[in-house]
Amino acid sequence: MADLQSVLIDLDGRHDVHLAELDRYVSIPSVSSEDRGVREAADHIRGRAAAWGLETRLLETGGQPAVLLRGPQVDGAPRVLIYGHYDVQPAGSADDWLFEPFKTTVHGGRIYGRGTADNKGQHLAHLLAIESWIRLHGSAPCNVTLLLDGEEEVGSPNLADLVRRNAGLLACDLVVWSDGPVHESGRATMNFGVRGIVQFELIAQGAAVDLHSGNWGGVGRNPAWELVHLLASMKNDRGLITIDGFTDEVIPLSGAEARALEALPVDDEQLAALSIGLWDEPAERPFYDRLAAHPTLTISRFETGSSGADRAVIPATARAVCDVRLVDAMTADTTFGRIADHVRRHAPNVRCTLRGAMEPSRTDLDSAFVEPIRRALRLVHNEDPYLVPAMGGSLPDYVFTKILGVPSIGVPFANADEANHAPNENIELHRYLAAPKIAAALLSELSKVRVR
Ligand SMILES: [Zn+2]
């Protein structure tokens with residue numbers, strides 16, 4: 001505890017350094033989607049980490065490299081792998097920004113700049129905590145490795161392969177990632193998983209050309225109706241997905257997960273602002289249950305007929321793009337297989353094509369690492385964090401839970417209105433300055449877990 005206190009005091013005395021380090025990092029526009037500045041940012045953060053006493057290496061992939069940073073070895077202590085990403089989204093039009101996007105500006109209690117929250121500021125906070133531990137005590141209290149992805153903003157296409165190839169190097173007891181925001185209420189949050197996704201396309205083909213709906217109406221087959229019937233056979237008006245076996249693998253919520261979901265407050269103001277008056281069926285399902293405990297089937301696009309004119313024709317084709325959000329322990333493969341079977345049985349003329357997939361992830365709320373992280377958050381924030389069993393969206397968290405086979409817990413540092421991916425991305429100043437303290441306390445608390 002004495003060790004941690006000295007680190008916390010040290011971190012509190014270095015706000016200027018922490019702001020300067022973030023500014024230098026943000027000033028390198030590492031935009032992976034434009035292949036711009038990514039290696040420069042990788043070199044920069046390697047250089048900083050090496051100066052702070054970490055071992056560094058570059059892990060090449062088929063695309064942008066990942067950066068691996070490793071603190072001094074601590075025999076017998078847990079091995080913690082911290083995941084983050086050093087690439088950023090493009091800034092878009094500079095006119096939409098209050099300040100220059102690729103530098104930091106402190107204004108009104110926030111630090112503005114691309115990457116301040118997503119994700120340079122968040123993983124830098126971990127690194128600054130480790131720096132302080134090493135400078136004051138020779139090492140962090142845990143064996144700590146940072147894996148910094150250079151392609152997160154383009155969907156981490158090489159991450160699964162990289163983790164498989166480097167499983168020995170990445171071997172750990174726990175993964176911690178700090179990305180995205182805390183709960184909208186502002187309270188600290190721990191995330192225990194994400195939903196996966198299967199995206200697919202359905203194409204129904206009619207005649208070779210659009211047909212006059214009078215001259216051919218009643219004769220020519222209408223692909224739009226074919227798709228409408230097919231889609232209606234997949235989900236009923238009670239909101240239940242009616243594809244055979246669809247939810248067979250779903251593992252129901254544990255008691256701890258159900259209690260955690262019940263404790264999350266629903267943001268009625270946000271619902272009102274978005275005019276979400278009517279919820280999807282089934283009506284009785286609680287808000288967070290919908291996001292964490294159930295798969296979805298969404299029609300995100302439906303197009304047929306010629307665009308631009310309302311002509312009375314039987315269209316030649318109809319096309320729908322749909323996605324399924326998967327919950328644990330559904331798998332992308334099995335799910336798409338069931339969808340394709342369903343299409344073959346109900347509409348054999350419709351072509352069904354897989355467009356993209358990512359597996360879900362889930363970490364047990366009863367993991368031995370949960371209480372230490374809670375204690376670390378309580379120590380800095382003086383309140384209990386919210387626990388989110390699964391986030392609604394999809395991230396490649398499965399590479400840790402399924403490929404490495406370890407628990408993975410998200411401890412986000414950013415505010416809910418961080419405007420990630422948008423103009424004026426920002427992190428609240430007090431959150432950025434508190435983040436290294438949370439990171440330092442987290443390693444101290446995790447070091448008490450007996451792992452071997
Ligand atoms: Zn992002």
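**Exercise 1.** In which helix is the place of Glu40? Classify the residue by its accessibility as well.

*Solution.* Step 1: Glu40 belongs to helix 3, which covers residues 38-51. Helices here are DSSP runs of H or I with at least four residues, strands are runs of E with at least two, and both are numbered from the N terminus. This is a predicted model, in which local features need pLDDT of at least 70 and side-chain atom pairs count only at pLDDT 80 or more, while totals for chains, interfaces and linings use all residues. Residues are numbered from 1 along each chain as its sequence is written, and side-chain values use heavy atoms, with hydrogens and water left out.

Step 1: Buried means under 20% relative accessible area, exposed means over 50%, and partly exposed lies in between (1.4 Å probe, protein chains only). Glu40 has 49% relative accessibility, so Glu40 counts as partly exposed.

Step 2: Ile28 is 12 residues from Glu40 along the chain, and their C-alpha atoms are separated by 7.1 Å.

**Exercise 2.** Compare the radius of gyration of the chain with the value for a compact globule.

*Solution.* Step 1: The radius is taken over C-alpha atoms, and the globule rule is 2.2 Å times the number of residues to the power 0.38.

Step 1: For 452 residues a compact globule would have a radius near 22 Å; the chain has 24 Å, so the two agree.

Step 2: Along the principal axes, the C-alpha atoms fill a box of roughly 85 × 50 × 45 Å. The chain holds 13 helices and 19 strands, and 52% of its 452 residues are buried.

**Exercise 3.** Which residues does the cis peptide bond with omega near 5° at Ala329 join, and where does Ala329 lie?

*Solution.* Step 1: The bond runs from Asp328 to Ala329. Ala329 is in the loop between strand 14 (317-326) and helix 10 (332-346).

Step 1: A cis peptide bond also joins Asp118 and Asn119, with omega about 5°. Asn119 is in the loop between strand 5 (110-112) and helix 4 (120-137).

**Exercise 4.** Which residues does Thr242 touch, not counting residues up to four places away in sequence?

*Solution.* Step 1: Thr242 is in the loop between helix 6 (223-232) and helix 7 (255-263).

Step 1: Thr242 touches Ser233, Met234, Lys235, Asn236 and His342, with residues up to four places away in sequence left out.

Step 2: At 33% relative accessibility, Thr242 is partly exposed.

How values were computed. Contact = heavy atoms within 4.5 Å.
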